Amino acid sequence: MKRTLFAADALLPTGWTKNVLLAWDEAGRLTQVQPDAAPPSGTPASSGPVIPGTPNLHSHAFQRAFAGLTEHRAEQQDSFWSWRTLMYRFAARLAPHHMEAIATWLYAEMLEAGYTSVCEFQYVHHDTGGRPYANDASLSLALLRAAQRTGIGFTLLPVLYQSSGFGGLPPNEGQRRFIRSTESMLRLLEALRPVCDAQGARLGLAPHSLRAVAPDALHDALAGLDALDPTSPIHIHIAEQTKEVDDCLSWSGQRPVAWLLDHAPVDARWCLVHATHMDADEYRRAALSGAVAGLCPTTEANLGDGIFDFAAWRHHGGAWGVGSDSHACVNAAEELLMLEYSQRLATRQRNVGADGSHPQVATALTLAAVRGGAQAAGRAVGGLAVGQQADFVVLDARHLALQGLAAPDMLSAHVFASHRTSAIDAVWVAGQSRVAGGRHALHDEAAAAFVAARTQLLED
Ligand SMILES: [Zn+2]
């Protein structure tokens, strides 16, 4: 099999470049990214511009099965908290075979939509009665199998969840499948590690939130994680909701991000998921810590969370990436669109996401999201550069929105004007073709299994 591709236009970390020859080794790592190359005879040429694949830095796979089902008024004032009640009801019925079917479809869908890897924030651990499965790792293994089958790059983040509110409040009934001791979490990580290693997946840890993990447990879990792998990624939900900020203030006298920065060794290993509600000092300190802001623009919009202050974050040089989180939308380009539009609405300006090096918004956002996403994933998936994995997307140059345009405009049209149809022709992960002609090989089979699993979960 040939491990080379010639692209007339490719988006390298420095920007759009002509006549790029990509070559990779057997492990799928780029060994050559040569600009201004002559197309060598026998080397396949890409059908359109090549852009780096986007790492999806935040996913709860099972939530894909009820995306679209919470869009009706159930309470006088619906919010994140009423959505969560419905999510708990759904989570209560989920079995490992449902998880695998949902995730297999979701990951195929992600690949078709330009994501080449995903960080799975996996918090359903136990059986429907809240007891550990005979194999305690059953639900995590179901996700690993789905990743393996679809070929998406994977970072597994088993979630530590212990309490229902700040200060170690006891968990409630809806949380019984999530709860585990710090010690049993560390045993789970030990059990999962060889499986992750065998398929090239990265293993990290996700303390769910400051609501769900008390200070002592956070400290012990991080110490245990360091003993296993001191470089592994750490993700946490933080400051998504104003109620969470208020509750944290009454518990500790501090806002959540400020509390975390004062009490945990936050650095470049960390991904602060959402981080929507920060004051000016928190924006400065969190950005300078080196942590990635895990933005989930369509989910944050869907849940009515609030708007991240992108200008403040970037002013301090903060890293960021995007995640599809609840999967109300599974499309890397649409997350960038939503991020840019939320900023335009909030600031009454246009082209907020452009930066000094890249005036084209879609180009600037894509490169930054790939860089930050790779950091959050703890994997070498940071773009088209030697040593990084050959994860890339070929835009569909024949799509009506793109036809006849220059390559940078094709990416702009893909993000801002492809009208929710796919303008993606091919997707490669670790140098292997996973999507061709816009379709994943498992598309039909995985879709049918997904619909069957969802139907079962919705039956009374
Ligand atoms: Zn989440």
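Trainee: Is Cys-296 buried or exposed?
Mentor: Cys-296 is buried, at a relative accessible area of 0%. Buried means under 20% relative accessible area, exposed over 50%, partly exposed in between (1.4 Å probe, protein chains only). This is a predicted model: local features need pLDDT of at least 70, side-chain atom pairs count only at pLDDT 80 or more, and totals for chains, interfaces and linings use all residues. Residues are numbered from 1 along each chain as its sequence is written, and side-chain values use heavy atoms, with hydrogens and water left out.

Trainee: New topic. Which residues touch the most other members of the largest nonpolar core?
Mentor: Tyr-107, Leu-260, Trp-270 and Trp-320, out of 133 residues. Such a core is a set of buried Ala, Val, Leu, Ile, Met, Phe, Trp, Tyr and Cys residues joined through side-chain atoms within 4.5 Å.

Trainee: Which helix gives this core its largest share?
Mentor: Helix H2, residues 96–112, with nine residues. Helices are DSSP runs (H or I, at least four residues), numbered from the N terminus.

Trainee: Where is Gln-254?
Mentor: In the loop between helix H6 (242–252) and helix H7 (256–263). Its side chain makes a 2.7 Å polar contact with that of Asp-262. A polar contact is a pair of N or O atoms within 3.5 Å; within protein, one must be able to donate a hydrogen and the other to accept it, and residues adjacent in sequence count only if both atoms are side-chain atoms.

Methods. Helix = DSSP H or I, 4+ residues; strand = E, 2+ residues; numbered from the N terminus.
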